[in-house]
Each structure stands twice: as structure tokens, then as C-alpha cells.
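Colleague: Please walk me through this one when you have a minute. I'd like to start with the charged pairs and then move on to the strands.

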Amino acid sequence: MSEQLFLIAQIAGRSVAIDANQVESVVDIGHVVAVPRADAHVRGLAALRSRVVTVIDTRAALGLEPGEADGGRAVITPVDGHHYAMLVDALDDVAPFTAQPLAAGVPLSGMWQRAGRNLIERDGEPILAIDLAALVPGLSAPTT
């Protein structure tokens with residue numbers, strides 16, 4: 001298998017890997033305007049470089065305790081022609097890794113199972129590679 005570039009981020013104290021092909025940019029999100037009747041993990045809308053992006057609370061999308069009330073670090077990813085700001089706690093690294101298939105014995109539940117794609121290994125630590133599109137509400141199936 002060949003190496004591909006991954007962004008390593010922290011979500012609720014857990015390291016995750018994001019394929020660099022999903023990353024348009026990394027930004028700091030300021031004020032977020034709530035959207036009435038939106039899914040629970042849609043934090044709201046934010047202005048970013050003369051456009052509006054939908055802000056997704058990745059913690060809540062993965063079934064964890066929601067993050068801080070406003071803004072923070074985000075990975076901008078395009079999904080079906082729309083831009084989403086996927087909130088993360090921190091960004092650690094960008095580096096090439098070889099993605100390994102998920103082993104049958106790796107227990108993932110809920111949205112972790114839906115979003116999980118592969119494993120990478122960094123300094124002996126296995127890190128789950130996730131598909132950001134799987135965390136966007138309204139998609140019928142995750143992208144590959």
C-alpha cells in the first residue's frame with residue numbers, strides 16, 4: 001500500500017486521522033448563528049471568507065458530549081457542493097501514513113462505525129481515520 005497524506009486532529013481527547021483530500025482548509029471559526037430545528041450536531045452557520053458555512057459539532061456527531069458553545073478550530077470540507085466547518089479540539093500534525101484496513105476485532109459503535117474508514121499508525125499508536133462526510137446530517141450513506 002502507498003502512503004497518503006493525513007491531518008491528525010483531536011476530538012474529545014481522541015486522535016483521529018483525516019485524509020488530506022477531504023481538507024480544503026483549517027480555520028478558526030468565530031461567532032456561530034444557531035439554526036432553528038437543525039439536527040442536534042449542527043452548531044449553526046458562520047461567515048467565512050465571504051461565504052456561509054454550516055458548522056458541525058463533531059463531538060456531538062460522534063455521539064460524545066457536545067463541545068464549547070461558540071466557534072473554535074475547524075476543518076473545512078466540501079460535501080456535495082456545500083462547505084462544512086467540522087469543529088475539532090486541536091490539530092496535531094500533517095504527515096504521510098499508510099492506511100491499513102480496519103480489523104474485524106476493532107470495536108466501533110454508533111457514528112464511530114459509520115465514520116471510521118481505516119487505521120493508521122503514528123509512533124506505535126493506532127489512530128482511526130474518519131470520513132468527515134459521514135458526519136454531515138442528511139447523507140444517506142457515507143462516502144468512500
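**Salt bridges and strands**

Modeller: Let's begin with R122, which is buried at a relative accessible area of 17%. Keep in mind that this is a predicted model.

Colleague: Where does R122 sit?

Modeller: R122 belongs to strand 10, which covers residues 116-122.

Colleague: And what does R122 touch, leaving out residues up to four places away in sequence?

Modeller: The list for R122 is I8, S15, D92, D93, F97 and I127. With D92 there is also a salt bridge between the side chains, at 3.9 Å from N to O. That pair links distant parts of the chain, with D92 in strand 8 and R122 in strand 10, 30 residues apart.

Colleague: Is D92 buried, partly exposed or exposed?

Modeller: D92 is partly exposed, because its relative accessible area is 37%, while R122 is buried at 17%.

Colleague: How many salt bridges does the structure hold?

Modeller: There are 6 salt bridges. Another one joins the side chains of D57 and R43, with an N to O distance of 2.8 Å. D57 is in the loop between strand 5 and helix 1 (58-61), R43 is in strand 4, and the two are 14 residues apart, so to speak a link between distant parts of the chain.

Colleague: What about accessibility for D57 and R43?

Modeller: D57 counts as buried at 5% relative accessibility. R43 is buried too, with a relative accessible area of 16%.

Colleague: Give me one more pair, please.

Modeller: R59 and D89 meet through their side chains in a salt bridge of 2.9 Å, N to O. R59 lies in helix 1 and D89 in the loop between strand 7 and strand 8 (90-98), so this pair ties together parts that are 30 residues apart in sequence. R59 is partly exposed at 23% relative accessibility, and D89 is partly exposed with a relative accessible area of 36%.

Colleague: Nice. Switching to the sheet: in what order do its strands run?

Modeller: The order is 3-6-7-5-4, in an open sheet of 5 strands with mixed pairing. Strand 3 (25-29) and strand 4 (42-48) are the edge strands, each pairing on one side only. On average, neighbouring strands are turned by 35° against each other, direction ignored.

Colleague: Which strand pairs with strand 7 in the parallel sense?

Modeller: Strand 5 (residues 51-56) does, over 3 bridges with strand 7 (residues 82-88). V55 has A85 in strand 7 as its bridge partner.

Colleague: And how do strand 6 and strand 7 pair, parallel or antiparallel?

Modeller: Strand 6 and strand 7 are antiparallel, over 7 bridges, and T77 has Y84 in strand 7 as its bridge partner. The two strands form a hairpin with 2 residues between them, and D80 in the turn has a positive phi of about 50°.

Colleague: Which other residues have a positive phi?

Modeller: Among them is A12, with phi near 50° although A12 is not a glycine. A12 is in the loop between strand 1 (3-11) and strand 2, and is partly exposed at 30% relative accessibility. R37 is not a glycine either, and its phi is positive at about 65°. R37 sits in the loop between strand 3 and strand 4 and is exposed, with a relative accessible area of 87%.

Colleague: Which residues is V26 in contact with, leaving aside neighbours within four places in sequence?

Modeller: V26 is in contact with L7, R73, A74 and L91. V26 counts as partly exposed, at 31% relative accessibility.

Colleague: Last topic: what is the mean pLDDT of the chain?

Modeller: The mean pLDDT is 87, and 92% of the residues reach 70 or more. Over residues 140-144 the pLDDT is below 50, and beyond near neighbours in sequence this stretch has 10 contacts in the model.

Conventions: Residues are numbered from 1 along each chain as its sequence is written. This is a predicted model: local features need pLDDT of at least 70, side-chain atom pairs count only at pLDDT 80 or more; totals for chains, interfaces and linings use all residues. Side-chain values use heavy atoms; hydrogens and water are left out. Two strands pair if DSSP finds at least two bridges between them. Helices (H or I, at least four residues) and strands (E, at least two) are DSSP runs, numbered from the N terminus. Axes are lines fitted to C-alpha atoms, for helices over the stretch in contact, and angles run from 0 to 180 degrees between N-to-C directions. pLDDT is the predictor's confidence in each residue, from 0 to 100. Contact means heavy atoms within 4.5 Å. Buried means under 20% relative accessible area, exposed over 50%, partly exposed in between (1.4 Å probe, protein chains only). A salt bridge is a side-chain nitrogen of Lys or Arg within 4 Å of a carboxyl oxygen of Asp or Glu.
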